[in-house]
Amino acid sequence: MSAVAAPTAVRAPRGRTGLAAVVVACGASVLAYALQAMGLSGERPDNVVVYAVAFTGFAVAGWYAIRRFAHAADPVLYPTAVLLGGLGLAMLYRLMVDRGHPEFAAEQAVWLVVGLASFVLALVVIRDVRQLDAYTYTIGLAGLILLLLPIVPGVGTEINGAKLWVNLGVVTFQPAEAGRILIVIFLASYLSQRREMLAAGVGRLGLPRPKDLGPLILAWGASLVVLFLERDMGASLLLFGVFVVMVWVATGRWSYLVLGLALFAIGAYIGYLAFSHVQVRVDAWLHAMDPKVVADQGYQLAQGWFALATGGMVGTGLGQGSPTLIPYVGSDFILAAFGEELGMLGVAALLLLYLVLVGRGLRIAVERTDGFEKLLAVGLTTLLGLQVFVIAGGVLRLIPLTGVPLPLVSYGGTSRVATAIVLALLVRTSAGPWFRARRERSAPTEEQADG
Amino acid sequence: MDRQIRRLGIAFVALFAVLFAQVAYVQVVAADRIANQPANAARQIRAEYAVERGQILAADIKTVLATSVPNKDPDSPYLFVRQYPMGELFGQLTGYYSQIYGRTGLEQAMNPYLAGTAPEFTTQNLTDIIFGRARRGGTVVTTLDANLQRVAREAMGDLQGAVVAIDPTNGDVLAMYSNPGFDPQPLSSGTPAQIQDAWRRVTSDPDTPLVAHAFQDLYLPGSTFKTVTASAALEHGWGPEKEWPNPHHLELDGTDEHIENFGDEFCNGGSKTVTMAQAFESSCNVTFAEIGMRLKAQRMAGQAQAYGFCRTEPTVSPACQDETIPFVLPWEVGHFPDASYFDNNEAALARSAIGLDNDLTNPLHLALIASAIANDGTMYAPRLVTEVRDGTTGQPIKTFGPDEFSHPLTADSARQLRAMMVSVVDSGTGTAARIGGTVVAGKTGTATNGENTPPNAWFTSFAPAGPGQTARIAVAVIVLDGGDLGNEATGGQVAAPIAKQVMEAYLG
């Protein structure tokens, strides 16, 4: 835990730059919205001003909320997230209008606002992330319950061969999205308390005491349960990846990383042997372009590749391609839609935005001095970064496709709220406790900016 | 922990680098290969039909052979539909442009220009994108004379076969009509079911209208090939007045076959000797078989190659690999065996000298040969497209000049051969091609067509052919299976009148 003091004093002037970044992100998002509408219909959309005002209004309101409740927050995370959300929404409008269901995109706009509200609410409620450190086991247990909830008979709903949905009558949601965040908080808390024990080991073999290992084995078991009973490869991969990374960062021992990866490889292999739908996915991944499966099991992957290849370097232009040929293009395959219409440059820009989020998240981890805060930032960042890699790698056919949403961009309500919470926790971690923010707010130059 | 966090950062950068590399591979490196897969047909077709495809015009720049009009069906994914106002008249030349069966003819050959994807369009496309204008393909201007094409169709009437008219001075294809042809319209627009239905009809037709008799089929040239044999003799220094023995039959050494004149007639009244000019006028097989054998295989094959005939090895394969005379459309150039084929096989050489055995040609190639003779020995490759124009401004984007192919004979030889061909029309087998007030040069051909099928009737010609006149049109005609005269048909009776009508119409 080498000390890099949080340079709070230096951060103060970030305010105006941050607002400028938010406005630029809004401008790019509104431009994308206008371009997709023009690309589709050839006419300037008449509601673009309303859209611009509403989008910018909400985004700037969110920025002021950060200034108010997390004054010294990282200035990059929020504008980057606004841009990703705005580009994603423009693309969803483009896709859903093309499919004749603009109301689905409007629904996602509402979810984006709900996500923003959750973000602000989380900042207000969690005034100091270290509060969370006090409820290690409560949070861990809650996370476990949410992860396993879909298995409970009568609660879980199976969609596309995976039981990840819980039907609450009005909405179906994926409790695993929330469960994962709670598990990350639990691991950050648990590992920050026990990291010396786990790193040092006792006895001749240098193994940690079973008492210290117990909860970790439980977390590993949970990810296997997710894999086997809920048949959700993507969620399992994320959970396990985050788990292994956090243990490794906490202990500094490579053996955990190697052991963890070996365990996952074994689990994945058993999963491949045991489940036909896993075999189908692996086969589709390997042979998507094979003439025998290209119109069948390989159809979605092949169409994704066709969209990307048709887009080429600069893309067809927003609204000018045919991304709706891809099944589930709005959720799993939205990256391919960007690839077709904005080209390699568009995809690269999108991935770079995520890399910026990851970079800022890890920077926050380095800057914090508290072990829990460090591990929390690492865990949340890894969760976000791995999710992007899993779905982007799946669409690009680097790895077998597992259906996880592209954070902030894909269609999906639960995912938006979950990502908003992850970002809120990172922002709160970067800003430090709220009471410190209140003290700093008394500086006269900042008073004006706060309006 | 900070060390691990930094390492984690590096690991993430590495993971994303792998993503970037894969993006570059799929979207740039392998993009064309992936996007052109047949399974991506839906995108390929939508992209094509989103462009207002350029027009194909006749040489007058007014007559529209193919054009794109906005699709009236708002639910169709295709913004434009292709129309062919002239129906089947130019079908085999424009080809079709089908959502299901792809492209043929000029639609295929000129596709990058018609679709506006050729490199010449890059600047225009960029400005179109900047100003938000719809992309528009280029206009293809052809050499075709719509009136002459109509005359050719009327002259053919119900007869199966083909007519090709060439401008000898530059190789321009003035008219090229085959009967039967096909109308590209039903193959290019309509519902998928309608298109499939039209496809079934055209592909199940036993007369194969999708294959143009004029340039995509090959036939025995028969006596029209004597123009090539005569060229070889003249080039060798054996003039038109050189006397040749004139037997009734020519026994072929080493076989029990013989060569006889058409209808087993005596040549030149049965005189003891005959000149090449006299033999040419009456189309005496025996004389030209004799000339071919005396010239020997090397000279015969060399002359054929100079005229663009593709070398074949009939004992190995009937196919031909050489690229000889270039043409914008896929076509079959004539065949003549490699000299080695005639080693110890004089009989084959004798038959080849009179356009039988393994000689093959079609009206387009024959018209090009006539053009070379008409044009003082300079042979042009056929030209069908003269230029591509910007679809909006009409400014020329690319021009295609005349393409000189070879010099198969000297100007002197050409003049001598021209005179020989003029006497064919004046007083020989081709008198049906006479035009009052115009000197016409020609050569008939009547090629056997298997045991029980009537012969194919040929005529190859050009005009005006008086001494010192510049020939303006060369016409070759084939009428399949004897036309309306059946077994009694000759090139002079059946094919020559068709060539005459076309030349007369063109020369006015």
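**Notes on a predicted two-chain model**

1. Let's start with charged side chains. A:Arg94, A:Asp98 and A:Glu341 are linked in a network of salt bridges. Keep in mind as you look around that this is a predicted model. Over all chains, the structure holds 24 salt bridges.

2. Staying in chain A, have a look at A:Arg130 and A:Asp128, whose side chains meet in a salt bridge with an N to O distance of 3.5 Å. A:Arg130 has 37% relative accessibility and counts as partly exposed, while A:Asp128, at 15%, counts as buried because the cut-off for that is under 20%.

3. Now hop over to chain B. B:Glu107 and B:Arg53 form a salt bridge, with their closest N and O atoms 2.8 Å apart. B:Glu107 sits in helix 5 (residues 105-109) and B:Arg53 in the loop between helix 3 and strand 1 of chain B, so this pair ties together parts that are 54 residues apart in sequence. Both B:Glu107 and B:Arg53 are buried.

4. Next, the nonpolar cores. The largest one has 151 residues, and A:Tyr78, A:Phe119, A:Val249, A:Tyr354 and A:Leu406 have the most contacts inside it. Helix 13 (residues 334-367) of chain A gives the largest share, 18 residues. Beyond its neighbours within four places in sequence, A:Tyr78 is in contact with residues including A:Phe58, A:Trp63, A:Ile66 and A:Phe119. Apart from this core lies another, of 138 residues, with B:Tyr113, B:Val164, B:Ile473 and B:Ala474 among them.

5. Here's a sheet to trace in chain B: five strands in the order 8-7-21-20-19 form an open sheet with antiparallel pairing. Strands 8 (172-179) and 19 (441-447) are at the edges with a single partner strand each, so one side of each has no neighbour in the sheet. On average, neighbouring strands are turned by 5° against each other, direction ignored. Strands 7 and 21 of chain B pair over six bridges; B:Ala162, for instance, has B:Ile478 as its bridge partner.

6. Two helices of chain B pack on that sheet. Helix 8 (residues 146-156) touches strands 7, 8 and 21, and its direction makes about 30° with that of strand 8. Helix 17 (residues 491-507) touches strands 7, 8, 19, 20 and 21, and its direction makes about 30° with that of strand 20.

7. Finally, why is helix 14 (residues 346-353) of chain B described as largely enclosed? Seven of its eight residues are buried, so the rest of the structure largely encloses helix 14. Its buried residues pack against helix 11, strand 11, helix 13 and strand 14 of chain B. After helix 14 comes B:Gly355, with a positive phi near 75°.

How values were computed:
Residues are numbered from 1 along each chain as its sequence is written. Chains are lettered from A and ligands numbered from 1 in the order in which they are written. This is a predicted model: local features need pLDDT of at least 70, side-chain atom pairs count only at pLDDT 80 or more; totals for chains, interfaces and linings use all residues. Side-chain values use heavy atoms; hydrogens and water are left out. Two strands pair if DSSP finds at least two bridges between them. Helices (H or I, at least four residues) and strands (E, at least two) are DSSP runs, numbered from the N terminus. Axes are lines fitted to C-alpha atoms, for helices over the stretch in contact, and angles run from 0 to 180 degrees between N-to-C directions. Contact means heavy atoms within 4.5 Å. Buried means under 20% relative accessible area, exposed over 50%, partly exposed in between (1.4 Å probe, protein chains only). A nonpolar core is a set of buried Ala, Val, Leu, Ile, Met, Phe, Trp, Tyr and Cys residues joined through side-chain atoms within 4.5 Å. A salt bridge is a side-chain nitrogen of Lys or Arg within 4 Å of a carboxyl oxygen of Asp or Glu.
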